[in-house]
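My notes follow in the order I took them.

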Amino acid sequence: MPCAGIMKTAIQEKFDDALKQILPEKGRVLLAVSGGVDSIVMAELFMHSSLSVPFELAHCNFQLREGDSWSDELFVANWCSGHGIKLHRVTFETTRYAEEHHLSIEMAARDLRYSWFDRLCGEEHFSAVAIAHNANDNAETLFLNLLRGTGIKGICGMHRKAVLPVPGSVHTLIRPLLGITRAEIEDYAQEQGIPYCIDRTNAETEYKRNRIRNLVFPQLVQINPSFLSTLAADMERFAQIDAVADAYFEEHRPELLSKTDGLSSSPISGRQILEIDIESLMKQEQQGYMLFRLLEPYGFNTTSIENILRTVRSEKTISGKVFHSEGYKLFTSGKKLSLIENEKVDDENEGSGVGRSTPSEKVINNNSEIVDNFSSLVVEGEGAYELNGRRFHVRLMDRTPDLNLWQPEGILLWDYDKLSFPFLMRGWQKGDWFRPLGLQGLKKLSDFFTDRKFSLLQKQEAVVVQPLQNTDSHELGHVLSVLCLRIDESVKVTSRTRRVVIVQEER
């Protein structure tokens, strides 16, 4: 409720106007309050707002500033007690979390606080979380994003209303101070006699944001004293341009995806996310922007995306190259770019009765060519088997006179007496070769894959068959089938064949 005797100042009017535009229709708001001048002033402005918004406070103790962290928590607790406001508080082992997750202290604290806010919203049914980001913070974020190379979305700055930056969150985040400068906030605190905590680390330059705040901004003030308002106006224009770019991207995005469903899933190679058609990409007027928008959500930075684009624009063959981001790999072929997740342990099929593979080990040489893939399983009889993310159905039948020996792609058959149960399915290895049915002479599998313009992903998922019995005496590297593409000449079905093995891949 508005507090009698407190004159509504210009900052209060500006705050209330912003709040009207971004506040959810009903419900309590959770205020993230550190005890610093920004968050304490935000709490005071909420308390004196003409909108009479019900709110509670949340305070995070990150244990990063020795005794100051605890004194800040006590200060916020006393503020809440003095104003009859409920306080939620939590203590984090921030340094340990950062080490365990290989994060900077800044990112670790960010992850911890937003995840906690998200949980509180779900448990306590808050309609929004209010963060005390101001115009200075927004300008600092703009510069940080420019340095990171985040593209146009990064230079649009922060939004007054958004969703909490937690995967899967549906809870609202609001920034009612975003149009107010830090100088205005500090003047208001002084005018109203509002006490607050001073974070001594703000004057240091260890963190990137502090360097921009303390070293860069003073120089900009000398060039343009109103640079904050200039940047704010620029960010609004960037946001408008971004909306136009979004519409362009969504219009042309379907043209670039060679398929959007039925993508392969493999415990070896991970889950395939996207297949980008290179020919369609090259027809785009804004190739670089489209590729950036497709790949940036998966952690590929500007430099990586430029290298990928340079590769697909090259007249040289581009098959078999791989690019990495944190959590994902991008494989190239002559016709497409395949994006997959990195390897994950897959326990979903345990106990399912499906043939299981042994653990896989992959070695990649300097040319990004898979040279060894030791995943394997023993096929002891008819049934369903899974290897390298591919599922095969194996059955045995009598040879009949009307049997069609030319099967459609995805189905292979061979003479059971020449390759019988049990036999071995395994991933292909460097040095593997066979005598392809219908062709003369020997063929290395690597050459066979090249002839078929296999991508690195397709090579990684390739499965071959060889005898299990007397394997040591079998010709080294001689495989008798590449599933489900071609069999070796030595196991072909003839007029003398009595029984036939049929292997069909489930697609």
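**Aromatic pairs**

I began with the rings and found 16 aromatic pairs in the structure. I keep in mind that this is a predicted model.

I looked up Trp116 and Phe117 next. Their rings make a tilted pair, with 5.8 Å centre to centre and 40° between the planes. Trp116 is buried, at 9% relative accessibility. Phe117 is buried too, at 2%.

Then I turned to Tyr298 and Tyr328. Their ring centres are 5.1 Å apart and the planes stand at 70°, so I noted the pair as edge-to-face. Where do the two tyrosines of this pair lie? Tyr298 sits in the loop between helix H11 (287-295) and helix H12 (302-313), while Tyr328 belongs to strand S11 (residues 328-332). The pair therefore ties together parts that are 30 residues apart in sequence. The cut-off for buried is under 20%.

I also followed ring pairs from one residue to the next. They link Phe62, Phe92, Tyr114, Trp116 and Phe117 into a cluster.

**Charges over rings**

Arg113 lies over the face of Tyr114, 5.2 Å from the ring centre. Tyr114 is also a member of the ring cluster. I found Arg28 over the face of Phe126, at 4.3 Å from the ring centre.

**Salt bridges**

My search of the whole structure gave 23 salt bridges.

Glu140 is buried at 0%.

Lys443 and Asp451 form a salt bridge at 2.6 Å, N to O. I noted Lys443 as partly exposed, with a relative accessible area of 24%. Asp451 is partly exposed as well, at 49%.

Glu489 and Lys492 meet in a salt bridge of 2.6 Å, N to O. Glu489 is partly exposed at 28% relative accessibility. Lys492 is partly exposed at 30%.

**Nonpolar cores**

The largest nonpolar core has 32 residues, and within it Leu31, Phe46 and Leu57 touch the most other members. I then asked which elements build this core. Helix H1 (10-22), strand S1 (29-32), helix H2 (37-47), S2, H3, strand S4 (128-130) and helix H7 (182-192) each give at least two residues. H2 supplies the largest share, 8 residues.

I picked Leu57 and listed its contacts, leaving aside neighbours within four places in sequence. Leu57 is in contact with Leu30, Leu31, Val33, Val76, Trp79, Cys80, Ile85, Lys86, Leu87 and His88. Apart from this core lies another, of 24 residues, among them Leu256, Ile276, Phe292 and Phe300.

I looked for cis peptide bonds. One joins Phe421 and Pro422, with omega about -10°. Pro422 is in the loop between strand S18 (411-415) and strand S19 (423-427). Another cis bond joins Leu483 and Cys484, with omega about -20°. Cys484 is in the loop between strand S23 (481-483) and strand S24 (486-487).

I also looked for positive phi. Gln63 has a phi of about 55° although it is not a glycine. I placed Gln63 in the loop between strand S2 (55-61) and helix H3 (67-83). Gln63 is partly exposed, at 31% relative accessibility.

Lys453 also has a positive phi of about 55°, and it is not a glycine. Its place is the loop between helix H13 (445-451) and helix H14 (456-460). Lys453 counts as exposed, at 59% relative accessibility.

Notes:
Residues are numbered from 1 along each chain as its sequence is written. This is a predicted model: local features need pLDDT of at least 70, side-chain atom pairs count only at pLDDT 80 or more; totals for chains, interfaces and linings use all residues. Side-chain values use heavy atoms; hydrogens and water are left out. Helices (H or I, at least four residues) and strands (E, at least two) are DSSP runs, numbered from the N terminus. Buried means under 20% relative accessible area, exposed over 50%, partly exposed in between (1.4 Å probe, protein chains only). A nonpolar core is a set of buried Ala, Val, Leu, Ile, Met, Phe, Trp, Tyr and Cys residues joined through side-chain atoms within 4.5 Å. Contact means heavy atoms within 4.5 Å. Rings of Phe, Tyr and Trp (its six-membered ring) pair if their centres lie within 6.5 Å; planes under 30 degrees apart count as stacked, over 60 as edge-to-face and the rest as tilted. A charge sits over a ring if NZ of Lys or CZ of Arg is within 6 Å of the ring centre and within 35 degrees of the ring normal. A salt bridge is a side-chain nitrogen of Lys or Arg within 4 Å of a carboxyl oxygen of Asp or Glu.
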